[in-house]
Amino acid sequence: MGALAKVNGLRAPAFEHQFETDRPQQTLELGDALGKLLVPGDFIGLVGELGVGKTQFARGVAQGAGVPASQVASPSFAIIYPYAGRIPIYHADFYRLTDFEELYGTGFTDLVGGDGAVLVEWLDRIPRAAPSELLLLTLRFRNPTQPDHRWIRAEAYGWRYVARLQQWRQRAL
């Protein structure tokens with residue numbers, strides 16, 4: 001079973017779209033466009049290999065939600081980092097976690113469906129943390145010889161996220 005199947009439980013997404021970026025700034029801008037659309041309770045999962053741009057994308061999301069760039073950092077060691085913007089953004093990184101019990105001890109589960117949007121890097125490490133409805137993004141290199149070229153596959157699970165993905169797609173075109 002692949003990493004993506006662990007997260008989505010082998011369900012088919014209600015809607016999907018693939019974005020392409022050719023440089024890190026485009027990845028940031030794509031995240032910014034999504035960040036402008038987020039509302040409290042949204043859950044965005046990020047999956048992809050090391051160095052593919054998950055944190056760059058998350059920086060863009062935070063920027064779009066009105067978080068000053070100076071506040072945004074990779075939460076690898078803190079596990080969860082809250083940002084104050086137009087809405088709260090809870091940026092989590094599961095890379096260093098080993099299981100759901102370890103995650104549970106951080107208070108993460110109290111944030112899901114709460115007063116802000118949750119953005120999780122390495123969601124495939126602890127797929128049990130994913131709610132049944134979410135926007136799942138898989139970042140991949142398009143060509144190993146051109147590391148700035150990426151595909152970002154967005155899958156919407158649940159009608160709330162179908163609407164969010166359609167709005168995002170229109171805004172990003």
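Strand E3 (residues 80-83) and strand E4 pair in the antiparallel sense, over four bridges. Helices (H or I, at least four residues) and strands (E, at least two) are DSSP runs, numbered from the N terminus. Two strands pair if DSSP finds at least two bridges between them. E3 and E4 form a hairpin, with five residues between them.

This is a predicted model: local features need pLDDT of at least 70, side-chain atom pairs count only at pLDDT 80 or more, and totals for chains, interfaces and linings use all residues. Residues are numbered from 1 along each chain as its sequence is written, and side-chain values use heavy atoms, with hydrogens and water left out.

**Strand E4 and its partners**

E4 also has bridges to strand E5 (residues 117-121). There are five of them, and E4 and E5 run parallel. Some of the bridge partners are listed here.

| Residue | Bridge partner | Strand of the partner |
|---|---|---|
| Pro 82 | Tyr 90 | E4 |
| Ile 80 | Ala 92 | E4 |
| Tyr 90 | Val 118 | E5 |

Is E4 buried or exposed? Five of the five residues of E4 (residues 89-93) are buried, so the strand is largely enclosed by the rest of the structure. Buried means under 20% relative accessible area, exposed means over 50%, and partly exposed lies in between (1.4 Å probe, protein chains only). In a regular strand the side chains alternate between the two faces of the sheet. Both faces of E4 are covered. Ile 89, His 91 and Asp 93 are buried on one side. Tyr 90 and Ala 92 are buried on the other.

**The sheet**

E4 belongs to an open sheet of seven strands. Their order is E1-E7-E6-E2-E5-E4-E3, and the pairing is mixed. Strand E1 (15-21) and E3 stand at the edges with a single partner strand each, so one side of each is left without a neighbour in the sheet. Neighbouring strands are turned by 20 degrees against each other on average, direction ignored. Angles run from 0 to 180 degrees between N-to-C directions, and axes are lines fitted to C-alpha atoms, for helices over the stretch in contact.

**Helices across the sheet**

Helix H2 (residues 24-35) lies across E1, strand E2 (43-47), E6 and E7. H2 runs at about 145 degrees to E1. Helix H3 (residues 54-64) lies across E2, E3, E4, E5, E6 and E7. H3 runs at about 165 degrees to E5.

H3 is mostly covered, with eight of its eleven residues buried. Among them are Phe 57, Val 61 and Lys 54. Gly 66 follows H3 and has a positive phi, near 85 degrees.

**Two loop residues**

Trp 122 is found in the loop between E5 and E6. Its phi is near 60 degrees, a positive value in a residue other than glycine. Trp 122 counts as buried because its relative accessibility is 10%.

Arg 142 is found in another setting: the loop between strand E6 (134-141) and strand E7 (150-157). Arg 142 counts as partly exposed because its relative accessibility is 23%. Which residues does Arg 142 contact, leaving aside its neighbours within four places in sequence? They are Glu 20, Thr 21, Asp 22, His 149, Arg 150 and Trp 151. Contact means heavy atoms within 4.5 Å. Arg 142 and Thr 21 are 121 residues apart in sequence, and their C-alpha atoms are 9.2 Å apart in space.

The side chain of Arg 142 has a polar contact of 2.9 Å with the side chain of Glu 20. A polar contact of 2.9 Å also joins it to the side chain of His 149. A polar contact is a pair of N or O atoms within 3.5 Å; within protein, one must be able to donate a hydrogen and the other to accept it, and residues adjacent in sequence count only if both atoms are side-chain atoms.

**The whole chain**

The protein chain has five helices and seven strands. Along the sequence they follow the pattern α-β-α-β-α-β-β-α-β-β-β-α. Of the 173 residues, 50% count as buried. The C-alpha trace spans about 40 × 40 × 35 Å along its principal axes. Among contacts between residues at least 6 apart in sequence, 70% join residues at least 24 apart.
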